Amino acid sequence: MTHSVQSRRSLPATVGLVFVLMVGLLAPATAQKTSDAALARVLVLGTGGTIAGQASARAGNAYDSAKVSSADLIAAVPGMDKLAQISVEQISSIGSQDMNDKVWFALAKRIRTAIENKEADGVVITHGTDTMEETAFFLSSVLDTDIPIVLVGSMRPSTAIGADGPANLYEAVRTASAPESRGRGVLVVLNDTIHGARWVQKTNTTSVNTFRSPDAGPVGYVDTGSIRYLQPPVPPKGPKLKLPDAAPLPRVDIVYSHANMDGAEIEDAVKRGAKGIVLAGVGDGNSSKGAIDALAAAAKQGVVVVRSSRVGSGIVNRNVEVEDDTLGFSVALDLNPQKARVLLQLLIANGITEPKAVQQAFAW
């Protein structure tokens, strides 16, 4: 169902009060009302997450995700009507720990429809932070468009005294409506910072500054008064992958490397029907002899094997400590295990399974 911010709903008192307190200064009192015709059109797609959470009685800082609709979140932030013409649709109402292929497909298809019908100049997706980087990377892999697609969330629920959602949401809409955001692919906006989908990672359990791009740095900064990109838009490196007709994507398991590891987890993944395996390896994507031997056996059975790293930053290189050419492995380069899994799922779904072709795709 679509909602317009011009007909605002009333919020529960606690949510509305906190939001107004947090963002009451976002819109200058002297601002001139801009005509609707001059404003960019921004489609907001809600999926749930902490940004839509409410306090729970379980503990002092406990909360339940996805309790407030995206229409209510938008309506609670003053000044939104001066940023853009906003329409809101609720795609799902889940915590991002429950994000799944079905929701990914729904988001991708809805955005494609909006692009084809020229419904929007930008898209904002409200999302939980736990798997935001995976959703952003998935969308960046299947959508080919110049319009800004911006994911936004918060580390604190809507009822928290220091709720960060209102400012994040305001800045996400500002980013999605800005002409200078065009041609930059899928973006993630939190804590006044703009990140690219390929590089962004959640790096802290609770900090509002949790999102970082360790290998590349942010692409820009945004606040209530300005938006600043650090470099011109960079053209996409390669073709987008075809979105399959329906979920689910092929099964790809992540196996986490550790001391004293054998090959049992890898053998179990093959038995469970994994079409691909991503190794979250130690250091430069390495693992024990038992694990590497099990991965080599899996590759001989047709399972696509990609080596990534558990360390959180850096590039996994080919043929340094592991004989990738001989064993039939590919490496994730700068992609962490969770993003490597997403790309490998899409590659397998597109019939790309030969190691050299897989490696080329990871280098895009």
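The backbone nitrogen of asparagine 319 lies 2.7 Å from a polar atom in the side chain of aspartate 324. A polar contact is a pair of N or O atoms within 3.5 Å; within protein, one must be able to donate a hydrogen and the other to accept it, and residues adjacent in sequence count only if both atoms are side-chain atoms. Where is aspartate 324 found? Aspartate 324 sits in helix α9, residues 324–327. With a relative accessibility of 0%, aspartate 324 counts as buried; buried means under 20% relative accessible area, exposed means over 50%, and partly exposed is in between (1.4 Å probe, protein chains only). Leaving out residues up to four places away in sequence, aspartate 324 touches Arg307, Asn317, Arg318, Asn319, Phe329 and Val331, where contact means heavy atoms within 4.5 Å.

Before going on, a word about the model. This is a predicted model, in which local features need pLDDT of at least 70 and side-chain atom pairs count only at pLDDT 80 or more, while totals for chains, interfaces and linings use all residues. Residues are numbered from 1 along each chain as its sequence is written, and side-chain values use heavy atoms, with hydrogens and water left out.

Now step back to the whole chain. The chain has eleven helices and 17 strands; helices (H or I, at least four residues) and strands (E, at least two) are DSSP runs, numbered from the N terminus. Of its 364 residues, 53% count as buried. Take the contacts between residues at least 6 apart in sequence: 73% of them join residues at least 24 apart.

Next, turn to helix α5. Eleven of the eleven residues of α5 are buried, so α5 is largely enclosed by the rest of the structure. Among these buried residues are Met132, Ala136 and Ser140.

What packs against α5? Two packed helices are described by the angle between their axes and the distance between the axes. Helix α4 (residues 101–116) packs with helix α5 (residues 132–142) at an angle of about 45°, and their axes are 10 Å apart. That angle makes α4 oblique to α5. Angles under 35 degrees count as roughly parallel, over 145 as roughly antiparallel, 65 to 115 as roughly perpendicular and the rest as oblique. The axes themselves are lines fitted to C-alpha atoms, for helices over the stretch in contact, and angles run from 0 to 180 degrees between N-to-C directions. On the α4 side, the contact is made by Trp104, Phe105, Leu107, Ala108, Ile111 and Arg112, and on the α5 side by Glu134, Thr135, Phe138, Leu139 and Val142. By class, these residues of the contact of α4 with α5 are eight nonpolar, one polar and two charged. Here Ala, Val, Leu, Ile, Met, Phe, Trp, Tyr, Cys and Pro count as nonpolar, Asp, Glu, Lys and Arg as charged, and the others, Gly among them, as polar.

Helix α5 also meets helix α10 (residues 337–349), where the axes come within 9 Å and cross at roughly 35°. This contact is made by Glu133, Glu134, Phe137, Phe138, Ser141 and Val142 of α5 and by Gln338, Lys339, Val342, Leu343 and Leu346 of α10. The contact of α5 with α10 has six nonpolar, two polar and three charged residues.

The loops deserve a look too. Serine 96 is in the loop between β5 (84–94) and α4, and serine 96 is buried, with a relative accessible area of 3%. Its side chain reaches the backbone oxygen of glycine 128 at 3.4 Å. Threonine 159 lies in the loop between β7 (149–152) and α6 (165–177), and its side chain reaches the backbone nitrogen of alanine 55 at 2.9 Å. Threonine 159 and glutamine 54 are 105 residues apart in sequence, yet 5.5 Å apart in space, C-alpha to C-alpha.

Finally, some backbone details. Most residues other than glycine have a negative phi, and most peptide bonds are trans. Alanine 66, in the loop between β4 (63–64) and α2 (70–75), has a positive phi, near 60°. Aspartate 192, in the loop between β8 (186–190) and β9 (193–196), has a positive phi near 70°. Is each of these two residues buried, partly exposed or exposed? Alanine 66 counts as buried at 15% relative accessibility, whereas aspartate 192 is partly exposed, with a relative accessible area of 36%. The peptide bond from alanine 247 to proline 248 is cis, with omega near 5°, and proline 248 is in the loop between β13 (227–229) and β14 (252–256).
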